[in-house]
Amino acid sequence: MKMRLPSVLVGSALLCASAACRDSSGPRPPLSACTATASNATDLTLAPGGVAVLSGSQLACVRVPSTTAAADYVFVVTDVDTKLDVLQGYTFNAQSLAAADVGSAALVARATSVDGGAAAAPAASYATEREASIRTYERTHLRGPSLALSSGTGATGLRANVVAAATAVPVVGDTMQYRVPSTDLKADACVTYDSIKAVVKYVGTSSIIAQDVNAPANGFTATDFQAVANEFDTKIYATDVSYFGNPSDIDQNGKVVLLFTPLINKATPKNSTSFFAGFFFAGDLFPRTKTSTSSGCKESNLAELFYLLVPDPTGAFGDPRSVNTVRQITRGTVAHEFQHMINAGVRLPNPNAAFEETWLDEGLAHFAEEAVGRDERGFGDLQALNFSDVSAVSTDYAAFFDQNLRRFKDWLQRPDTSSGPSAHADANLSSRGAAWALVRYSADRFSGGDVRGFTRRLVAGPETGIANLAARAGTTYETILTGYQVANYADDLPITGLDPRFTYTSWVMRNAVAGASGGSYPLLVTPISASGTTSSGKMRSGAAAYFRWNPTSSAPALAVRLLDGTGSTAATWTGARLVVLRAN
């Protein structure tokens, strides 16, 4: 049977029944069966800019027509399985149908580690590992409604049993008692903590700035503390609330505490290549004693609070940290962590709600960094930004844009070995970058122009993870993922006839990532040789492998197959997809 596909996206639901997308038709034809005369072939006819998504029995044999002039096709192997971290072996085979070339495709072996990550993938930073341990602890130890249950509605319900009245707002000079959870990777953060005293340094509209009495000398001045409060009140608080919703207010004082303590400095071993800047801990939103409906957390400060490192010019608590370094690094940290605080406070009041899946919680938190950066610079929500735009003010670039672009670069370098929707996104830097880009793409293409409404709905759920993303986007995960994967190649290229859905709206992505990567766009694309190419490897669900057929003049037809890991049968795994873009 031959099928001709139009020059538009073809969803798998239109191509095969759900059973046919699985291996219900028996063994697939051997590799040699995909020839110029094969009766099982799908003949692919795409105009420039056309995109098709192939699945099921179509993967056995796809024929791309011969060309009498230059042409450009990109093939993306992917897995749209909604289960996280499903690891599949695959073989991509592209074979020239010129009689002299049949059977001569060269083999490209893709090196992967045992868990499917790139053999040379960037290691997780020390700071990322610390935050990962906190997010993992929250999701494994904290259950039931939090004290945010009655936030903003008076002292009723669970919160009323713990906090009888609104906590008075302190004044500058007051000494406060706080509990700081252990940041040891293996510690029970609700049980292992330090009790400290801190002095209130500034009280802003939405902030209380406090510093540990043990902070070293020659740190922040009164002017610095005021600047921290002003940026939080006027930029970070206002922006994050507009994008993600209102934070809880379990102590009913209308404030968030920014606690600077050298205990965070001590969490990073000396001579580390990265350092831990601070965090939010959801345990602070829970009662100190377990109830019939809720987890208890002995450490809880019963308040909304960030833990941040202090300036330490002489290195009394670790490596030296200057005032400028700490001030700069905590800007993006607070923007990021505030999303985590809002997300937990919005979700946890519901007794049946769960924490957002870590990958999406982190994707939104990285989105928060960008959102605050856009507000700082006066950029619109959907304004298409290039590298010159975001790098013009170096301090804002470093605080709010640089990490997202560089981590996305890490993913682009080996997109077949990790994915944004992954249980490893808590610590895997490339997954963090991919998660940010996936949320960004989804907001661009499926928010109807209301990005802030879209992200607020994501935070509210009530679903989590992929189900939440698809529900808020109003489409299937397959549509989101395959569109995103095409956009990661096609954005910022002059492709005639390309549907805008296969591009980013808010970024000139090739330009922006190239600028952050030393001048070139790092997406790994394997060229298909004149005679053909066979590539074998493994990938996680949500990952992608890119191949390009780009004859510069006339060329014979091309036979393409997506096979299993052995290369002997068509791919049978449920999420197997071959996405084809004709770029010219």
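Which residues of the largest nonpolar core touch the most other members?

Author: The model is predicted, so a cut-off applies by definition of the record: local features need pLDDT of at least 70, side-chain atom pairs count only at pLDDT 80 or more, and totals for chains, interfaces and linings use all residues. Residues are numbered from 1 along each chain as its sequence is written, and side-chain values use heavy atoms, with hydrogens and water left out.

The residues in question are Leu258, Leu259, Phe306, Phe338, Phe408 and Tyr484, in a core of 123 residues. A nonpolar core is here a set of buried Ala, Val, Leu, Ile, Met, Phe, Trp, Tyr and Cys residues joined through side-chain atoms within 4.5 Å. Buried means under 20% relative accessible area, exposed over 50%, and partly exposed in between, with a 1.4 Å probe and protein chains only. In soluble globular proteins, nonpolar side chains tend to be buried together.

Phe408 may be taken as one example. Leaving aside residues up to four places away in sequence, Phe408 touches Gly433, Ala434, Trp436, Ala437, Tyr484, Asn488, Tyr504, Met509 and Val513, where contact means heavy atoms within 4.5 Å.

Strands (E, at least two residues) and helices (H or I, at least four) are DSSP runs, numbered from the N terminus.

With β10 (residues 256–260), β12 pairs in the parallel sense over four bridges, and valine 257 has leucine 305 as its bridge partner. With β11 (residues 278–280), the pairing of β12 is antiparallel over three bridges, and glycine 278 stands opposite leucine 308.

For the setting of this part, the chain has 15 helices and 17 strands. Of its 584 residues, 58% count as buried. Among contacts between residues at least 6 apart in sequence, 76% join residues at least 24 apart.

Technical notes: Two strands pair if DSSP finds at least two bridges between them.
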